[in-house]
Each structure stands twice: as structure tokens, then as C-alpha cells.
Amino acid sequence: MRRKMFNGLLWGLLFGSLSLGCSDSGPDEEIPEIKPKGITYEESQEVFPNPERGFYDHTEAHGPDDGLTSTQLSSLKSENVSLIIRVYYLTNYRDGQIDVAMLEMIKSDMEAVRDAGIKAIIRFAYTNEMEGEDASLEKIEDHVEQLAPVLNSNKDVIAFIQAGFIGPWGEWHNSSHGLTTVENERKILFKLLEELSSDILVQVRTPGAKQRIFETAEPIGSAIAYTDEFRARVGHHNDCFMAGVDDYGTYANVEAEKAYINQEALYVPTGGETCPPQGDYPDCAKAREEMKLLRWTYLNRDYYLPVISSWKDAGCLDEFKRRLGYRFVLDSAILPEEIDQGGNYPLQINLTNKGFAPLYKAKTTSLVFVNKTDGGKYTFELAVDLREVKPGVSFTIEESVKISELPAGNYDLFLEITDESEKLENRVDYKIRLANKNSWDPESGMNKLQQQVTVLAD
């Protein structure tokens, strides 16, 4: 017990009292003697892509002949873009079933997205004209049933789905079928939530719409976050972001509804696009303030282009490229340099989210030992949920990892953050990169912890 107390005291002297995290060892289990090493990491200001966040590229399809091509998607990663929005206009199917050709095209699109190493925000609509027609409630519900199997089988490359269907551009206004009532909006949203896999998050157009549908202005909190409850699966998108006082009617009670999103967006995503401003363009300071307040995770890079260009001219566009969504930075760590074979490896890793938003999709986080002699890779999954690393907050991963199957030898240590999908877990494009210098290994998609470990033979 004395050895255990000594190790805890030494860790505390190096890094203070940091208690978040979990441990595999019991309260009375002896921890082997270690040589703790305090490591301090250097932050990087490099712009790079990460899954499900950042500036996105706008694409749309109006029929089965408008499928995505590899040429459309091939350059996105080199431009640090990991997201597209894909708007499907079902104009030709207002009065009937979606045909096989259209459904097959959507499947093919998702394969193209997967091949390109990106993800898609999905929306369906019936018209892109203000005076255009949408579809009846019954037909929309039929279409949701047709689309759900395609969407569910490709959920690995779907970042989020916007509720859509109602009105021009699927923006929930000016419905030719009178769908902009709370009752109809609730039926369409609930139909989506019923038919879609529970780990697909859906976004609605205004905070007021969600509040009316669920009959509460209380933001979701940790008690129901990440559960199957419908309210916990609904986020927000704003298609006139920073375009005026109320963003073209996005907000009714501006201050209260922004405060509501500020809390909601700790658990569900916000994003969208800008509009031609009703007054002055939002300068860098205003944009930074709004993105931070509303925890902005994605933004259209194509519209409204004069606003985007004004940020580039003012010198803040690269900052926004870095900070949209999550951006995890290693601060420091305590990692033993030696450990006895067959024992536990205690670790303490301290990081901060420098982005505007948290991570919204669950990931698998692992400690990886790579043998310096033969390159053997040994992966140990950690219990941490990185969705809990909220923006602007320091967070500690503190665990004790059982390494009984790890052979004696010398190892380099890595942190690997992968997609939960079996289709994507080994794809570098879908692994999360930490914003540190001398950290990222582009071949493996792992983050170097800048520590070598010797596993001593029994």
C-alpha cells in the first residue's frame, strides 16, 4: 500500500489533482512500481480535416442521373474538407413512390462518399423554388419508409440528417400542403426518428420548432444525452446564420433561444450556412462570438460567399477552419517509462478542446503499443467517451490498462481514435487527429504520445 501511495503522491506533485477518468483496478489492488514521466505537448496551428466537422461542400441531386462522381469528391481532402451536404430533390416523386433508380443512386452516392474518405449531411426536399410545391404528409411518410433502409445501411458515412421535406429547399416554411403546423412537423420528425437508426442525429430548422414539437423549452442535459430518447437525438441547423438580428426569422425570442442552443449543443449538433446579411457583414469578432456561443460544428464554404470572403480578407478564415467543431489538443501526460510484463499500465493524459463544439459521434479510443524492433501493434481500448470533452474545457483521461498479453520489449506509445463502424475503423481518413506538433502519423492515423515504454520480462 505504501508503494501505491507514493506513486499517487508523485503524480500529484507533477500535475496536481486531476481525477476525471476511470480505472480497471480495484481500490485495494497493488500497482507495480513505476517511473512516471511528465510530458508537455506543443499545440499546432495547422489546418487539417477531421471527421464530421468543418467547412462543407454543397452538392445536390435532382434525379437518378445526378449521382456523385469521384472527380467531384477527389480534391476535397486536399482542401481540408471532410464534409459535404447532399440535398436530394424528390420533385419527380411528389405523387408516387421513389423509383429503384433513385434509391440505387443514393446508395451509389454513399459508396462514393465512403471511397473519398468523407462524410455527408443529408437533406430531402421537393422544390428549390419559393413558390414550388412540396408533398402531402402521407406521401412524405411513405418516402421516409422507402429511404430509411438506404440511410440506415450507410449510417457510417452520414454525419447528420436535416429534417427537410417541408417547403422550399426543405427549410420548413411556405409549405404548399400546409405542413408548417406543429402537428404535421411533429409527425414528420417522429417518423424520421422512428425509422432511422437511433445513432443517427437529426437536425431541425429552428429552435422554436423543436421546443414546440417536444412541448418544452428546457434544453437536453446529461441525464438523457446520447440515449434513444427522441429529444436527445434532435439538433439544429440555421440556413441564415448571422444574417441579421433574428437570422431571417430563425429566432423568435433571440436571446432566450440562443441560450437554449448554447446548452443543447453540448450534446446535439448545430451548423448551417450564411445568408445575404440584413445590414453589416458579420466581422471576425462577431462571427467568433456567435460560433462560440452556439457551438458551431459545420458551415457551408460556398454560400454566402461574400461573407466567407470577408473573413478571408480580414485574416480569420483559417482560425474558423481550425475551430469549427471539435479540436482536441494534448496538454500533458504522465506515462510510465517501464512496466512489468503482465501488469497494469497506469496513464494520465490531459487534453483541451480548442474547437467551438464537442464531438457528437461516439468513437473508439485506444492506447497503442508499437514494438520498436518488429513493428508489432498492440491495441488496448480505453473506457473514455470523447464526446464528454466539451469546448474550452480541460479533460483528463486517467485509466489503468491491463497489458497481460504484451510481450517484453521496447515500444512507442500512441493514442488512436477510430470510427466505431467496422467499415471505417481501419481507415486513416476517419481517425481523429490531435492538434499537436510532432504528433500525427499519417500512415497509421495514430497520434504519437512521444513516450517510449520498456516492458520488463517477468
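1. Let's start at threonine 40, which stands opposite serine 332 in strand β10. Please keep in mind from the outset that this is a predicted model. The pairing you see here belongs to strands β1 and β10 (residues 328–334), which run antiparallel and are joined by 3 bridges. If strand pairing is new to you, here is the general idea: strands of a sheet pair through backbone hydrogen bonds, either parallel or antiparallel.

2. Now step back to the sheet around that pair. Which strands make up the sheet, and in what order? It is an open sheet of 4 strands, ordered β1-β10-β12-β15, and the pairing is antiparallel. The edges are taken by β1 (38–40) and β15 (394–402); each has a single partner strand, so one side of each is left without a neighbour in the sheet. From one strand to the next, the twist averages 25°.

3. Next, have a look at strand β2 (residues 54–61). Of its 8 residues, 6 are buried, so β2 is largely enclosed by the rest of the structure. Strand β2 runs parallel to strand β9 (residues 296–300), with 3 bridges between them. You can find this pairing at glycine 54, whose bridge partner in β9 is tyrosine 298. Strand β2 also runs parallel to strand β3 (residues 83–89), this time with 6 bridges.

4. Strand β13 (residues 363–371) deserves a point of its own. How many of its 9 residues are buried? The count is 9 of 9, so β13 is largely enclosed by the rest of the structure. Both of its faces are covered. On one side sit Lys363, Thr365, Leu367, Phe369 and Asn371, and on the other Thr364, Ser366, Val368 and Val370, all of them buried. When you colour the strand, notice that the buried residues include a lysine, Lys363.

5. Strand β16 (residues 409–419) runs antiparallel to β13, and 9 bridges join the two. Strand β14 (residues 377–381) also pairs with β13 in the antiparallel sense, over 5 bridges. Valine 370 is a handy landmark: it stands opposite aspartate 412 in β16, and it stands opposite lysine 377 in β14. Strands β13 and β14 form a hairpin with 5 residues between the strands, where glycine 375 takes a positive phi near 75°.

6. On to the helices. In general, two packed helices are described by the angle between their axes and the distance between the axes. Helix α6 (residues 207–214) packs against helix α7 (residues 254–264) at an angle of about 75°, and their axes are 10 Å apart. The two helices are therefore roughly perpendicular to each other. On the α6 side, the contact is made by Pro207, Gly208, Lys210 and Gln211, while α7 contributes Glu257, Tyr260, Ile261 and Glu264. Sorted by class, the contact has 3 nonpolar, 2 polar and 3 charged residues.

7. The structure also holds 2 disulfides. As a reminder, a disulfide is a covalent bond between the sulfur atoms of two cysteines. One of them joins cysteine 240 to cysteine 275, with an S to S distance of 2.1 Å. Cysteine 240 lies in strand β7 (residues 234–241) and cysteine 275 in the loop between β8 (270–274) and α8 (284–294), so this pair ties together parts that are 35 residues apart in sequence. The link is left-handed, with -55° about the S-S bond. Both cysteine 240 and cysteine 275 are buried.

8. What does the disulfide of cysteine 284 join? Its partner is cysteine 316, at an S to S distance of 2.0 Å. The torsion about this S-S bond is about -80°, so the disulfide of cysteine 284 and cysteine 316 is left-handed. Cysteine 284 lies in helix α8 and cysteine 316 in the loop between α9 (305–314) and α10 (317–323), so the pair ties together parts that are 32 residues apart in sequence. Are these two cysteines buried or exposed? Buried means under 20% relative accessible area; cysteine 284 is buried at 13%, and cysteine 316 counts as buried at 3%.

9. Finally, a word on how the disulfides are arranged along the chain. Counting the bonded cysteines along the chain, the pattern is 1-2, 3-4.

Conventions
Residues are numbered from 1 along each chain as its sequence is written. This is a predicted model: local features need pLDDT of at least 70, side-chain atom pairs count only at pLDDT 80 or more; totals for chains, interfaces and linings use all residues. Side-chain values use heavy atoms; hydrogens and water are left out. Axes are lines fitted to C-alpha atoms, for helices over the stretch in contact, and angles run from 0 to 180 degrees between N-to-C directions. Angles under 35 degrees count as roughly parallel, over 145 as roughly antiparallel, 65 to 115 as roughly perpendicular and the rest as oblique. Contact means heavy atoms within 4.5 Å. Ala, Val, Leu, Ile, Met, Phe, Trp, Tyr, Cys and Pro count as nonpolar, Asp, Glu, Lys and Arg as charged, and the others, Gly among them, as polar. Buried means under 20% relative accessible area, exposed over 50%, partly exposed in between (1.4 Å probe, protein chains only). Two strands pair if DSSP finds at least two bridges between them. A disulfide is a pair of cysteine sulfur atoms within 2.5 Å.
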